[in-house]
Amino acid sequence: MTTEPEPAADRVAELRENLAAVRARIAAACDRAGRDPAEITLIAVTKTFPASDVRLLAGLGITDVGENRDQEAAPKATACEGLTLRWHFIGQLQVNKCASVVRYCEVVHSVDRSKLVRALASRAEAAGRVVTCLIQVSLDDAVGRGGAVSAQVPDLASEIAAEPSLRLGGVMAVAPLGQPARPAFARLREVAKELQSAHPGASVISAGMSGDLDDAIAEGATHVRVGTALLGGRPGFVR
Ligand SMILES: *Cc1c(COP(=O)(O)O)cnc(C)c1O
């Protein structure tokens with residue numbers, strides 16, 4: 001039998017150290033913003049990393065994981081059955097993947113069109129599940145990277161709220177490329193505020209990644225999605 005405990009031991013030490021550093025950043029950002037770190041949910045974005053890393057992170061206290069491709073996430077979630085984890089789908093989603101995604105994801109962050117609302121609702125209903133939906137907002141109104149423009153948010157929200165198998169959770173965004181993140185996150189916060197005036201329960205603001213989680217927390221993020229800072233670089237991976 002060939003067992004090699006060394007690499008796993010190194011990996012757990014590396015993840016522990018990274019996690020401590022990310023938690024310290026969250027605490028510092030909360031301190032500057034006068035917020036309580038308990039308000040922030042850290043989602044570990046495990047795309048491109050193996051189920052063994054998810055397992056180690058769960059052992060270190062991670063409760064929420066994010067994935068962006070169903071082909072990769074579905075088998076990973078199966079491999080992690082038995083762990084108490086909440087799975088978040090954070091990538092662009094095709095209608096034909098909805099039946100699979102609703103089986104293991106409690107939250108879909110990338111709802112940006114009516115067709116997707118209808119598909120998620122019918123697949124969740126068939127699976128006997130209730131899925132929390134976040135409306136992905138495009139902060140530069142650019143097409144192609146996903147996200148609804150802010151003017152579309154009220155109608156999408158009503159459509160989600162009308163579905164018994166869906167729960168309207170709030171909003172999600174990715175900072176636009178080549179622009180300072182903080183003003184973009186400030187715009188997201190305004191969109192979230194308007195949404196909450198019509199739907200008081202829709203309190204989630206999913207914003208902030210490894211490079212900009214501090215700015216996101218300054219602008220009210222409740223959920224940060226962190227990959228690289230926790231798990232390391234993704235060689236050859238293009239977002
Ligand atoms: C990959 C990804 C993240 C994590 O990005 P890092 O920069 O590695 O922290 C967050 N959100 C979305 C939508 C992603 O696709």
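Threonine 48 has its place in the loop between strand E1 (41-45) and helix H2 (51-59); helices (H or I, at least four residues) and strands (E, at least two) are DSSP runs, numbered from the N terminus. Keep in mind that this is a predicted model, where local features need pLDDT of at least 70, side-chain atom pairs count only at pLDDT 80 or more, and totals for chains, interfaces and linings use all residues. Residues are numbered from 1 along each chain as its sequence is written, and side-chain values use heavy atoms, with hydrogens and water left out.

- Threonine 48 has a phi near 75°, a positive value in a residue other than glycine. Most residues other than glycine have a negative phi.
- Threonine 48 counts as partly exposed because its relative accessibility is 35% (buried means under 20% relative accessible area, exposed over 50%, partly exposed in between, with a 1.4 Å probe and protein chains only).
- Threonine 222 sits in another loop, between helix H8 (213-218) and strand E8 (223-226). With a relative accessible area of 16%, threonine 222 is buried.
- Threonine 222 and valine 204 are 18 residues apart in sequence, and their C-alpha atoms are 5.8 Å apart in space.

**Around the ligand**

- Arginine 225 has a polar side-chain atom 2.9 Å from a nitrogen atom of the ligand.
- Taken alone, the ligand exposes 390 Å², and the protein buries 92% of that (areas come from the Shrake-Rupley method with a 1.4 Å probe).

**The cavity**

- Searching the whole structure turns up one cavity of 30 Å³ or more. A cavity is a set of points, on a 1 Å grid over the protein atoms alone, where a 1.4 Å probe fits but cannot get out, and lining residues have an atom within 4 Å of a point.
- The largest cavity has a volume of about 90 Å³, that is, the space filled by probe spheres set on the points, which are joined across faces, edges and corners.
- Of the 12 residues that line the largest cavity, Ser138, Leu139, Arg145, Gly146 and Val174 are the closest to its centre. The lining divides into six nonpolar, four polar and two charged residues.
- Leucine 139 lies in the loop between strand E5 (131-136) and helix H6 (153-161), and is buried, with a relative accessible area of 8%.
- The C-alpha atoms of leucine 139 and valine 174 are 7.5 Å from each other, although the two residues are 35 apart along the chain.

**The second largest pocket**

- The second largest pocket holds about 200 Å³ of space; a pocket is an open set of points with protein on both sides within 12 Å along at least five of seven lines.
- Among the residues lining this pocket are Ala74, Cys80, Trp87, Tyr104 and Arg129. Its lining has seven nonpolar, one polar and four charged residues.
- Helix H3 (70-79) and helix H4 (98-104) each supply at least two lining residues, and the largest share, three residues, comes from H3.

How values were computed:
Nonpolar A, V, L, I, M, F, W, Y, C, P; charged D, E, K, R; others polar. Polar contact = N/O pair within 3.5 Å; in protein donor to acceptor, adjacent residues only side chain to side chain.
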